[in-house]
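Hello,

Here is the structure for you to look through. Please open it first, then read my notes below.

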Amino acid sequence: KKYVYLFEEGSAGMKDLLGGKGANLAEMTNIGLPVPPGMIITTEACREFYVHDRRFPPGMEDQVREMMTVLENKTGKRFGDPENPLLVSVRSGAPVSMPGMMDTVLNLGLNDRTVEGLARAADRRFALDCYRRFLHMFGDVVLGIEHARFEHILDNCKQRRKVTYDHELQAEDWQQVVAEYKALIERETGQPFPQDPFEQLFKAIYAVFNSWNNDRAIVYRRINRIPDDLGTAVNVQVMVFGNLGNDCGTGVAFTRNPSTGDRELYGEYLLNAQGEDVVAGIRTPRSIADLKEEMPSVYDQFAATCELLEKHYRNMQDIEFTIERGKLYMLQTRTGKRTAQAAVKIAVDMVHEGLITREEAILRVEPAQLNQLLHRRIDPNAQLEVIARGLPASPGAAGGKVVFDADEAETLGNQGEKVILVRTETTPDDIHGIVAAQGVLTSRGGMTSHAAVVARGMGKPCVCGCEAIRIDYDRELFQVNDLVVKKGDFISIDGATGQVILGHVPMIDPELSPEFQELLQWADGVRSLGVRANADTPEDAARAREFGAEGIGLTRTEHMFMAVDRLPIVQQMILASTGDERQEALDRLLPMQEGDFYGILKAMEGLPVTIRLLDPPLHEFLPNAEELLVEITRLRLTGASEEEIGPKENLLKKVRALSEFNPMLGHRGCRLGITFPEVYAMQARAIFQATARLVSEGVKVFPEVEIPLVGEVKELAILRQLVDEVAEQVMKERGVTFEYSVGTMIEIPRAALLADEIAREADFFSFGTNDLTQTTFGFSRDDAEGKFLHEYVEKKILPENPFMVLDRAGVGKLMRMGVELGRSTKPDLLIGICGEHGGDPDSIEFCHQIGLNYVSCSPYRVPVARLAAARAKV
Ligand code: PEP
Ligand code: MG
């Protein structure tokens with residue numbers, strides 16, 4: 001079996017076998033770009049490695065040796081030759097990009113003899129510098145000796161020599177460091193550093209295969225939902241050197257600005273530096289624009305190559321390059337990660353440039369990413385106490401308590417605290433802390449540093465390279481000049497400007513950019529699924545409409561009952577002991593509800609509005625029994641009068657009488673309508689009086705009255721009749737006619753199972769997948785997530801939290817059945833969804849597949865849903 005490919009034997013289409021990096025190196029080689037020659041050991045070899053108890057598959061080693069001969073012939077150098085040594089880099093490359101997640105070894109092939117050959121061919125100081133780098137990386141990555149141990153030796157050497165920077169060290173110093181590194185390795189492993197280049201090579205390949213299952217790779221895959229069984233390829237590539245002098249360098253660049261999407265080369269480089277120096281954030285690098293001044297011809301060649309790569313891949317590229325003695329080499333290209341803002345702009349621009357189609361543009365933007373664009377930013381009119389400024393690494397503004405440790409950020413974040421993770425720089429080991437933080441602030445590193453790349457990927461605000469802040473981890477504080485900011489102090493950061501601000505700042509809502517609007521219009525042209533919003537107030541309704549909602553799919557009327565000025569009346573209604581008393585309360589609520597519905601219907605002029613009649617268990621409107629008891633006890637202890645205490649005790653009695661063991665399975669939804677028809681009648685009247693008023697004012701409105709929690713057709717039949725009667729009365733009283741419809745939520749399994757019967761009484765269905773998930777699984781929607789569901793997901797018992805991503809297998813099966821049965825009775829039955837899943841891209845795709853008419857979600861997710869609905873279609 002072929003386990004090893006030369007670059008020229010591969011292509012971009014072979015990512016699964018050759019990994020992303022290898023496949024693109026192959027592609028670049030084949031289109032004639034300057035790529036140092038190399039070979040790729042396949043992901044299949046890695047998978048077999050794991051099958052065979054972490055042993056190389058038979059034949060792989062021989063193939064590596066053979067290919068090494070080919071590389072020797074191409075370069076005229078020999079692997080391990082003391083006169084003219086061939087050196088290689090060994091890097092991982094998974095099929096899906098996992099930046100910084102696995103390890104790299106550079107300058108492999110050096111030993112005590114070949115280092116002399118390299119010194120003769122180039123320069124002694126340079127050769128020893130390469131050797132110590134190799135010993136360090138090999139010691140760390142392959143032999144598992146802590147990175148800090150090597151750093152410590154280096155720091156000591158610098159101290160002895162009284163210098164600050166690596167480049168101030170001389171050849172003799174490096175000689176000394178090399179000797180100490182070798183001694184460290186021998187001490188730690190009990191064996192001398194391996195001098196045989198092939199032994200080095202196979203150990204490095206082994207380590208890369210192994211790194212597929214290191215902790216940070218596993219965490220990264222879990223967060224990004226990458227399967228665990230893909231395996232990684234290994235790229236073995238001839239070294240070129242960016243650290244041979246000042247006509248050399250290394251850098252990374254994006255073909256367009258990954259933050260804004262602007263069409264400009266964007267990146268950073270370091271002169272006289274090697275490999276990881278740029279991304280590691282060790283020295284703060286220079287902007288790629290400076291290269292134009294410094295090496296005009298290299299810059300021109302680089303710019304032309306970038307353009308060629310963009311045209312070839314028809315996408316923005318993220319490129320690594322090295323300049324060796326004034327000659328440019330390409331070391332990597334891949335599709336560049338970008339912010340949502342950039343993703344939208346680049347996709348739309350590329351359509352205008354004729355590079356991609358509209359459908360491709362729609363597929364290029366991940367709906368989930370759009371949330372970033374709908375993020376808040378700092379109010380430009382606010383007075384800010386800006387204490388420092390760093391690089392604007394990932395847009396959006398965030399505030400939180402300062403935390404210096406990723407574990408602590410995770411702990412506090414999971415407790416619901418807002419935190420900002422502050423570090424000198426981040427490493428892949430900090431990922432879990434970044435996930436839990438509102439934003440990230442680093443004092444070192446450029447726009448392509450780890451923190452910046454990761455934060456942009458997650459849509460987290462990030463300010464990096466903020467050199468004005470001096471972090472003292474031991475004392476858990478940072479200083480800016482004389483100002484001390486301690487752990488727990490509140491700061492805000494603005495990832496679009498790089499500002500670091502003391503305290504809270506006022507934020508404002510986002511607007512949609514012209515490109516975003518254009519993309520969404522294309523999406524509207526493609527999709528067949530409608531998009532509505534869940535909104536309970538005229539303001540929400542107006543915002544939803546601005547974001548492109550085509551109606552309201554759910555107005556929860558109970559939210560209107562919760563307002564402080566209404567709650568006492570609602571309580572009076574609930575606690576009434578006579579019919580008259582109840583009616584009195586309802587009469588007071590009627591004009592208020594009418595006003596609510598008037599506002600919402602008017603805001604949605606010309607569009608349908610689903611208004612749901614009262615749904616939650618009544619006790620939700622009542623005071624808490626325990627709190628009442630505490631209060632009564634307190635009154636007693638302070639000697640309050642019976643007049644004061646008596647009503648409270650009465651209240652407590654009623655509250656207790658209304659309490660239920662399982663309120664979510666209790667007296668709620670249409671069951672309230674059945675037992676307290678006057679409540680539903682009042683709400684129906686409020687809806688229709690508002691409708692009548694609007695119709696006489698010439699406003700076109702389409703109210704859809706919705707009955708929740710139906711499980712039996714008779715429930716719906718009774719309540720529908722009640723609603724129809726109220727409608728008729730109002731039309732008669734007001735002398736106007738209007739259109740309306742009456743439908744039901746499908747949120748109890750029985751309703752889905754008997755949807756053909758229920759459809760007889762319903763003008764529309766709307767899947768309430770929050771309750772449907774709760775009742776299908778028998779998981780409490782209020783408790784399950786915190787109690788055990790997260791563990792179910794971790795243990796892969798369930799692929800996702802079913803309250804966030806629709807469970808297609810179970811809940812979805814009921815939905816599919818509900819649609820088929822419902823439409824068997826009424827072929828044109830209008831069917832939507834208004835549970836949380838209506839805003840989740842994966843669930844939206846499923847809703848499209850089973851033929852729903854629309855999804856309904858919160859106003860801010862409407863743009864996400866429009867795009868997701870289009871993607872489900874293309
Ligand atoms: C549902 O159950 O999915 C729903 C939309 O209603 P609520 O969340 O108000 O119960
Ligand atoms: Mg519900």
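**What I found**

Start at Cys-834. Leaving out residues up to four places away in sequence, Cys-834 touches Asn-534, Gly-553, Leu-554, Ser-766, Gly-768 and Ser-856. Keep in mind that this is a predicted model.

Cys-834 sits in the loop between strand 30 (830-833) and helix 32 (841-849). Is Cys-834 buried or exposed? Cys-834 has 28 other C-beta atoms within 10 Å, and 20 or more count as buried, so Cys-834 is buried.

The UniProt annotation "active site", from an unreviewed entry, covers His-450 and Cys-834. The two span 385 residues in sequence, and their C-alpha atoms are 39.0 Å apart, so they do not gather at one spot. His-450 is part of helix 16 (residues 450-458). His-450 is buried too, with 25 C-beta neighbours inside 10 Å.

Next, ligand 1. Which residues surround ligand 1? They are Leu-554, Arg-556, Asp-615, Glu-747, Gly-768, Thr-769, Asn-770, Asp-771, Cys-834 and Gly-835. Strand 25 (552-556) and helix 29 (769-777) are the elements that give two or more residues to this shell. Helix 29 gives the most, with three. By class, the shell has two nonpolar, four polar and four charged residues.

Last, the core. In soluble globular proteins, nonpolar side chains tend to be buried together. Here the largest nonpolar core has 250 residues. Those with the most contacts inside it are Ile-41, Ala-347, Ile-420, Leu-421, Leu-519 and Val-855. Take Ala-347: beyond its neighbours within four places in sequence, Ala-347 is in contact with Ala-361, Arg-364, Val-365 and Leu-519.

Best wishes

Technical notes:
Residues are numbered from 1 along each chain as its sequence is written. Chains are lettered from A and ligands numbered from 1 in the order in which they are written. This is a predicted model: local features need pLDDT of at least 70, side-chain atom pairs count only at pLDDT 80 or more; totals for chains, interfaces and linings use all residues. A residue is near a molecule or strand if its C-beta atom, placed from the backbone, lies within 6 Å of it. Helices (H or I, at least four residues) and strands (E, at least two) are DSSP runs, numbered from the N terminus. Ala, Val, Leu, Ile, Met, Phe, Trp, Tyr, Cys and Pro count as nonpolar, Asp, Glu, Lys and Arg as charged, and the others, Gly among them, as polar. A nonpolar core is a set of buried Ala, Val, Leu, Ile, Met, Phe, Trp, Tyr and Cys residues joined through C-beta atoms within 7 Å. A residue is buried if 20 or more other C-beta atoms lie within 10 Å of its own, exposed if 12 or fewer, and partly exposed in between; C-beta atoms are placed from the backbone. Two residues are in contact if their C-beta atoms, placed from the backbone, lie within 7 Å. UniProt positions are given in the numbering used here, feature names are shortened, and annotations may be inferred rather than shown by experiment.
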